[in-house]
Amino acid sequence: MRIIALALVLAACSEAPPPGDDPRASPGDASRVALGAKVYGQHCMSCHGAKLEGQPNWQQRMPNGRMPAPPHDESGHTWHHPDGVLFVIVKQGLVPPYAPRGYASDMPAFSDKLTDDEIWSVLAYIKGHWKTKELLDARAEMTRNASQR
Ligand code: HEC
């Protein structure tokens, strides 16, 4: 009896999407990833890099006081955020609640340039670059609490 109950719990766990992950940003969805690659090339690559590597010295503030574009590959911190947070950042730009009021940033808001579907797709494309088990485990751990709010 106890064994059956445990098996059910395990099955339920493996079917649930990892915490912080939205099915609309699934890197396993080939058509979304293809659309996302196109969107990335047209709207993100000029700043975030052809290989998602970000701008040089991305952790150092520029002379104008703004931050350079960070990488979206495993070396950056994009993966620290749940999908829902990334979606809002891309749609609205770095404004409250994810940046202080009046925060000056080169990251544009894409609400008038991209559809919601295109934004989820570019996130699917970006997430397709996160492959290491350690990173995926750390992300699930980090986003677990955030996704429950
Ligand atoms: C004009 C340059 C530019 C373009 C184009 C651009 N970004 Fe950015 N992006 C930035 C900069 C600069 C930052 C960091 C801003 C800061 O910290 O002040 C940033 C930050 C971000 C962040 C937050 C990362 C984090 O870890 O907090 C995400 C997500 C993001 N960009 C996604 C995108 C996506 C997706 C696109 C294309 C649809 C895009 N960006 C296009 C410059 C750009």
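The questions and answers below go from the overall fold to single residues.

Modeller: Before we start, this is a predicted model, in which local features need pLDDT of at least 70 and side-chain atom pairs count only at pLDDT 80 or more, while totals for chains, interfaces and linings use all residues. Residues are numbered from 1 along each chain as its sequence is written.

Biologist: Which pattern does the protein follow when read along the sequence?

Modeller: Helices (H or I, at least four residues) and strands (E, at least two) are taken as DSSP runs and numbered from the N terminus. On that basis the protein has 6 helices and 0 strands. Read along the sequence, the pattern is therefore α-α-α-α-α-α.

Biologist: What percentage of the residues in the protein is buried?

Modeller: A residue is called buried if 20 or more other C-beta atoms, placed from the backbone, lie within 10 Å of its own, exposed if 12 or fewer do, and partly exposed in between. The protein has 149 residues, and the buried ones make up 21%.

Biologist: What covers the buried residues of α5?

Modeller: Helix α5 is mostly covered, with 9 of its 12 residues buried, and among them are Trp120, Leu123 and Ile126. Contact here means that the C-beta atoms of two residues, placed from the backbone, lie within 7 Å. What covers the buried residues of α5 includes α2 (30–43) and α4.

Biologist: Where do the buried residues of α4 lie around its axis, and what do they pack against?

Modeller: The buried residues of α4 are Asp83, Leu86 and Val90. They cover an arc of only 60 degrees, counted from the directions from the helix axis to the C-beta atoms, which puts them on the same side of α4. In general, an α-helix has 3.6 residues a turn, so residues three or four places apart point the same way. The element that the buried residues of α4 pack against is α5.

Biologist: Which residues come nearest to the ligand?

Modeller: By class, the shell around the ligand has 14 nonpolar, 6 polar and 2 charged residues, where Ala, Val, Leu, Ile, Met, Phe, Trp, Tyr, Cys and Pro count as nonpolar, Asp, Glu, Lys and Arg as charged, and the others, Gly among them, as polar. Helices α3 (45–48) and α4 (83–92) each supply at least two residues of this shell. Of the 22 residues around the ligand, those that come nearest are Cys44, Cys47, Met67, Ser105 and Met107.

Biologist: Is Leu52 buried or exposed?

Modeller: Leu52 lies in the loop between α3 and α4, and its phi is positive, about 65 degrees, although it is not a glycine. Most residues other than glycine have a negative phi. Because 22 other C-beta atoms lie within 10 Å, Leu52 is buried.

Biologist: Is Asn57 buried or exposed?

Modeller: Asn57 has its place in the loop between α3 and α4, and its phi is also positive, near 50 degrees. Because it has 9 C-beta neighbours inside 10 Å, Asn57 counts as exposed.

Terms used
Near = placed C-beta within 6 Å.
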